[in-house]
Amino acid sequence: MKLPFAESYKIKMVETIKKSTREEREVWLKEANYNLFNLKSDQVFIDLLTDSGTGAMSDKQWSEMMLGDESYAGARSYYNMKSAIKNILGFDHFLPTHQGRAAENVLFSVLIKEGNIVPGNSHFDTTKGHIEFRKAKAVDCTINEAFDTVIDHPFKGNIDLIKLESVLSTYPKEQIPMIIITVTCNSSGGQPVSMQNIKAVKKLASKYRIPLCFDSARFAENAYFIKTREKGYQDKTIKEIVLEMYSYADMATMSSKKDAIVNMGGFIAMKSKKLWKEASTFNIMFEGYITYGGMSGRDMNALAQGLDEGTEFEYLQTRIKQVEYLGGRLVEFGIPFQKPIGGHAIFVDAKKILNHIPKEEYQAQTLACELYLEAGIRGVEIGTILADRDPETRENRYPSLELLRLAIPRRTYTNNHMDVVAVALKNVFDRRLEIKHGFKIVNEAPIMRHFTVQLEKID
C-alpha cells in the first residue's frame, strides 16, 4: 500500500484560539462596521484574512532571531540577508525595507512619475495604489483566461503578449518606467506565471528597452508550479528555477512576510548600482539606514533563513497540498472558486454564489461577512471594494472577478481547520438564497479604501 502524504514538519508549540457564538459575532461585526479588518484577533476562530506575516517560523529561524546583530550600521544580519538574496535570486544590490509596500514606495519614488504607464498582470492593491498615488496608470495585461474561474489553465497569471505590446507600442518608452510581473499573481487568484511567459515578456521588454520588475511576494510558490506544471522543469530544483526566473528581471520588490516566512520584512533588489544609489536616498528618508531599512537584525536573520527554507521542494509541497486539500473539499460541495487551485489561497467566486445580489451591494464582501457569522472564519474581499474608485471619474470600478480570498498561513493550521472552513462555506452556500442584500459604503478613504472602509447593512 502506498503511504499517504504527511507534512514535512512536526509541531513544537501551540497557540490557543477562541471559539464564539453567532450572537457574539453579530455584535462584533456590527461594531466593526462590517469591515473584517476591524475585528480583534480574539474575535476570530480561523484567520484566513492574509498569509502575510501570519505563518509559523521554523526552529532554525527562531535560532537566527537570537543571533541577530542590532548594530545600526553594517550589521552582520544585513550581510546574511545580502548573501541570501545573491545566492537565491542572483541580485548584487539590495535595500532592506520593513515590508513589501515600503519597497514599492521607495522604488516607485525613484522611477514613477505623473502620467506614466505601468503595464503588468493584475497589479496587487498596494502596487496599484502606489502607482495611482503618483498620478500614473496601471494597465492590466493579464491573459483573458484568468477572468473565467471555470477554465483550468495552468498559468492564469501569464501576461497577454498582444495586450502588452499594444501598450509598449502606443506610448514612448520614457513614459513606461517598468513592466511588472507579479509572481504568483494574487489578484487573479494566486495564479502562477510560466517560465515561457517570463522569457517572452523579457524579450518584449528588451525590444522596447523597458526595465522588468518582479513583485516577488510568492515567487517560490510560482517556481513550484513551474516545476510541477511546465515541461522541461520537472527535474530542476526550486532554487535552480528561481535563479532562472530572476535572470530575466532587472529589479524586484518583495514582501518577505509571504515566501520568506517571516512576520515582518521586505526588500528591493536590483542589478543596477546606479538605481541602488538613487533608491538609497529614499530608503534613508522613508525606512532607515541602508543596512537595516526599517528591519531589526533578528528579523533580517530570520528572513535570510526563510528564503533558504522557502525555496525547498518539500516545504512548498506541504504548504501547497494544504491549499489543495481545502480546494478538494470545496469541489465535493460544489462551491465555485478560481481554478486551478493556486499556491497560497482559495479564491471563492462570490459572483456565482450571490448572483442575485446587485454588484453595487458588494457580493464578495457580503459573502465574507456571512462566512464570519457562520463560523468565526475571517477571509478578505478581492472585488469591487478593493478595486477602489477610478481616480479620475471617482466612480466604482467593477472588476471581472468578485472573489472571497481564503489565504492560508504557512505551517499554522491543520487540515481539521480546513474541514471547518469547507463545511462552514457549504452552510453559507446552501442558504445563499436567504441572503437578500449586501452593504452600502458610509465612509471610505480616498485610496486603498478596503483597509478602513465603513459599511452599513442594507435591509
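Reader: Which residues lie nearest the centre of the second largest pocket, and how many line it?
Author: The second largest pocket has 25 lining residues, and Ser122, Lys128, Asp140, Ala387 and Pro399 lie nearest its centre. A pocket here is an open set of points on a 1 Å grid over the protein atoms alone, where a 1.4 Å probe fits, with protein on both sides within 12 Å along at least five of seven lines; lining residues have an atom within 4 Å of a point.

Reader: What am I looking at, and how are residues numbered?
Author: This is a predicted model, in which local features need pLDDT of at least 70 and side-chain atom pairs count only at pLDDT 80 or more, while totals for chains, interfaces and linings use all residues. Numbering runs from 1 along each chain as its sequence is written, and side-chain values use heavy atoms, with hydrogens and water left out.

Reader: Back to that pocket. What volume does the second largest pocket have?
Author: The second largest pocket has about 570 Å³, where volume is the space filled by probe spheres set on grid points joined across faces, edges and corners.

Reader: Which elements supply at least two residues of its lining?
Author: For the second largest pocket, they are α5 (125–133), β4 (137–140) and α15 (384–387). The largest share, 4 residues, comes from α5. Helices (H or I, at least four residues) and strands (E, at least two) are DSSP runs, numbered from the N terminus.

Reader: How does the lining of the second largest pocket split by class?
Author: It has 11 nonpolar, 7 polar and 7 charged residues. Ala, Val, Leu, Ile, Met, Phe, Trp, Tyr, Cys and Pro count as nonpolar, Asp, Glu, Lys and Arg as charged, and the others, Gly among them, as polar.

Reader: And the largest pocket, how much space lies in it?
Author: About 1600 Å³. The largest pocket is lined by 42 residues, with Met13, Gly55, Ala56, Arg411 and Thr412 nearest its centre. By class, that lining holds 15 nonpolar, 14 polar and 13 charged residues.

Reader: Which element gives the largest share of the lining of the largest pocket?
Author: That is α12, with 3 residues. Elements that each supply at least two residues are β1 (46–47), α2 (59–66), α12 (313–332) and α16 (415–430).

Reader: What about the second largest cavity, which helix gives the most to its lining?
Author: Helix α14 (residues 363–375) does, with 4 residues. The second largest cavity holds about 40 Å³ of space, and Leu29, Tyr34 and Cys369 are among its lining residues.

Reader: Different topic. Is Leu401 buried or exposed?
Author: Leu401 is buried, because its relative accessibility is 8% and buried means under 20% relative accessible area, with exposed over 50% and partly exposed in between (1.4 Å probe, protein chains only). Leu401 sits in the loop between α15 and β12 (403–407).

Reader: Where does Tyr9 lie?
Author: Tyr9 is in the segment before α1 (22–31). Tyr9 is partly exposed, at a relative accessible area of 31%.
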